[in-house]
Amino acid sequence: MCEVILESEALTLKLGETFTFDDVGQLLEDQPWKNDGLQGVVVDASGCQYIDSSGLGIILKINMHSRKTEAWCKILNPTPQVKKILRIAGLNKRLVCEED
């Protein structure tokens, strides 16, 4: 599950315990990260324990779109499990991860 929170200048995607193929379909259909005026996207992974390849793919898609539009994209508070998945996939150097 993924909760989409659209604020004035930023989009927050609050990931559930897992972020998988089942969660990505609606995001791909709606593409909320393409709203005009967004300055950035926060992927809140504080409660997430597992991300599959589809989940990683959509995060990369959002990250690439953000770079093209000079917005920012960051993964906030990734759990140790998510950090490990990012490291194994070689994405820990391509994606910005922050702790608050």
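View 1. Rings of Phe, Tyr and Trp (its six-membered ring) count as a pair if their centres lie within 6.5 Å. By that cut-off, a search through the whole of this predicted model turns up zero aromatic pairs.

**View 2. The five-stranded sheet.** Here you can follow an open sheet with mixed pairing, its strands in the order E1-E2-E4-E6-E7. Strand E1 (2–6) and strand E7 (96–98) are at the edges with a single partner strand each, so one side of each has no neighbour in the sheet. From one strand to the next, the twist averages 25 degrees.

**View 3. Strands E4 and E6 side by side.** Strand E4 (residues 40–44) and strand E6 (residues 72–76) run parallel, joined by five bridges. Look for valine 42, which has lysine 74 of E6 opposite.

View 4. Helix H1 spans residues 21–30, and its buried residues are Asp23, Val24 and Leu27. These residues lie on the same side of H1, because their arc around the axis is only 95 degrees. Strand E2 (10–15), strand E3 (18–19), helix H2 (53–68) and E1 are among the elements that cover them. On the face turned away from the buried side, H1 carries the exposed residues Phe21, Asp22 and Glu29. Just after H1 comes glutamine 31, with a positive phi of about 45 degrees.

How values were computed:
Residues numbered from 1 in each chain as written. Predicted model: local features only at pLDDT ≥ 70, side-chain atom pairs only at ≥ 80, totals over all residues. Heavy atoms only, no water. Phe/Tyr/Trp six-rings, centres within 6.5 Å; stacked < 30°, edge-to-face > 60°. Pairing = 2+ DSSP bridges. Helix = DSSP H or I, 4+ residues; strand = E, 2+ residues; numbered from the N terminus. Axes fitted to C-alpha atoms, helices over the stretch in contact; angles between N-to-C directions. Buried < 20%, exposed > 50% of the residue type's maximum accessible area, 1.4 Å probe, protein only. Arc of directions from axis to C-beta. Contact = heavy atoms within 4.5 Å.
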